[in-house]
Amino acid sequence: MAAFCKGARRFKRIIFCHSLVRGFSGKYEYDIVVIGGGSGGLACAKEAAQYGKKVAVLDYVDPSPKGTKWGLGGTCVNVGCIPKKLMHQSALLGVALKDASKYGWNVPHQPSHCWATMSLAVQNYVKSLNWGHRVQLQDRKVKYFNLKGQLADGHTVIGTNKSGKETVLSAQDVVIATGSRPKYPVHVPGAVEHGISSDDIFWMKESPGKTLVVGASYVGLECAGFLTGIGLDVTVMVRSVALRDFDQQMAGLVTEHMDSHGTKFLWRRVPRKVEKLLSGSLQVTWVETSSDREEQDTFDTVLWAVGRAPVTRALNLDAAGVKLDEDTGKIVVSASEETSVPHVFALGDVAKGRPELTPPSIRAGKLLARRLAGVSTEIMDYDNVPTTVFTPLEYSCVGLSEAEARRLYREDGIEVYHAFYKPLEFAAAQRDSSQCYIKAVCLRGGDQRILGLHFTGPNAGEVMQGFTLGIRCGATYSHLMNTVGIHPTCAEELTKLHISKRSGLDATVTGC
């Protein structure tokens, strides 16, 4: 307690002295200080510097419970989108090898996968991006500090290095973009000691082997998908539903495809404990939620994918007066990303009500920088933000789910056009396409404006990116039907959606 009080007095003394100097000079050291070197924070910093602002970025990565750490760039670059997509590609290549013989290639009967080779290639590419971000900051004259930042007041940030040395920075505006980190179920004995998360999987030097993924969020399913795809024994434990925040019909197609291609699912199960055996294997005990019946199995790796928590605890936000949402711990922000404290802003995963996705964070960061630079008043529009789940059968969507549309416009207020289609790539290889599906959720009246578009199939993100432009411009069902498709592609199937769910007709596409 004495040490804490001593530290608090020293903290106050530093702030007082710094404020006194600032009071005499009437100036701040920086125009903008950004806490957090992820996608949104870096985008904001680089954009502001481009408009002549003096900017500093503080970024520091606390190691995961397993000790994993990484460089500048945030979750997306280091332990998210980039390594995930690369390992997903590795799994897709494995599927392509299976198809190749049907297309005339002489392929070894049992091609094998080397985790170490893949992991090294992925990690080397990620490290090149870390370096690239540092070079970009230097080129734009943005000052980079490898320090853990915390807020002292609306204009003062304290940065602490790994040795405990403090640096005080003052700024006209402060931007908090610290992102989020995976949660661990701390109530489950052995979960933290013996489990890993998405913070670790991409930096493992050896194969995770037989893996239990706990949680069916998009992170959990993506990891389970590429691990299965490279030939590992993978089980997903699901408490209730998969992809909770997505259209549930589409979520069902995704998990059906995974199940039919080797990923095992334990539905309505919750973990009770994880124990390490003398052999080194992990014995996991769980219960079936409806009967409370206990079950067990052993695994080499347990990967927790049970949600993410905002990185706010060490930011001293309460003392600085920044309001947090009581339920989520996220920072409460206005439409312009401003917090409850003037001149303090928050964006990305750490902000309440914002999609936990890289592209909107980058866009919001750039727009915030332009407003702070006085060159624009435009604020971020978070409606109709597209996204893709990179499971073995990719799922991409934009706009409302069917259930959301029914809640907003009632059953008789919407029309859903849909189709089951067969990608040409699947045909000669005789691959099952029963989960390749498209639906357009539209208003029933008037010009039938499209409320949501959903697609499962190859290259789903590439397909949805282009159609998103149309949705944002107010595309209608008539616009879609009047669009000439590119043949033969999966994307053209969206321009041929002529069967409604209401009709009850068979929605299976026949012919080319």
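**Strand S8 and its surroundings**

A: Strands S8 and S9 run parallel, joined by four bridges. This is a predicted model. Between the two strands comes a helix: S8, H8 and S9 form a β-α-β unit, and the unit is right-handed.

Now look at the side chains of S8, which covers residues 211-214. Thr211 and Val213 point one way. Leu212 and Val214 point the other way. In a regular strand, side chains alternate between the two faces of the sheet. All four residues of S8 are buried.

The largest nonpolar core has 43 residues, and Ile201 and Leu221 have the most contacts inside it. Several elements each supply at least two of its residues: helices H3 (74-79), H4 (81-100), H5 (115-139), H8 (218-229) and H9 (248-260), and strands S9 (234-238) and S18 (395-399). H8 gives the most, with six residues.

Set aside its neighbours within four places in sequence. Its contacts then are Ala216, Val236, Ala242, Leu243, Val254, Thr255, Met258, Phe265 and Thr391.

H4, another supplier of the core, can be checked for length. Its 20 residues should span 28 Å at 1.5 Å a residue. The end C-alpha atoms are 28 Å apart, so the two values agree. Buried residues of H4 include Pro83, Met87, His88 and Ala91. Lys84 and Asp99 are buried there too. The buried residues of H4 pack against H3, H5, H8 and helix H13 (424-429). That list brings us back to H8, the helix of the β-α-β unit.

H11 runs over residues 358-372. Its 15 residues reach 21 Å from first C-alpha to last, close to the 21 Å expected at 1.5 Å a residue. Its buried residues include Leu367, Leu368 and Arg371. Just after H11, glycine 374 takes a positive phi of about 80°.

Definitions and conventions:
Residues numbered from 1 in each chain as written. Predicted model: local features only at pLDDT ≥ 70, side-chain atom pairs only at ≥ 80, totals over all residues. Heavy atoms only, no water. Core = buried A, V, L, I, M, F, W, Y, C linked by side-chain atoms within 4.5 Å. Buried < 20%, exposed > 50% of the residue type's maximum accessible area, 1.4 Å probe, protein only. Contact = heavy atoms within 4.5 Å. Pairing = 2+ DSSP bridges. Right-handed = clockwise from strand over helix to strand, strands pointing away. Expected span 1.5 Å × (residues − 1).
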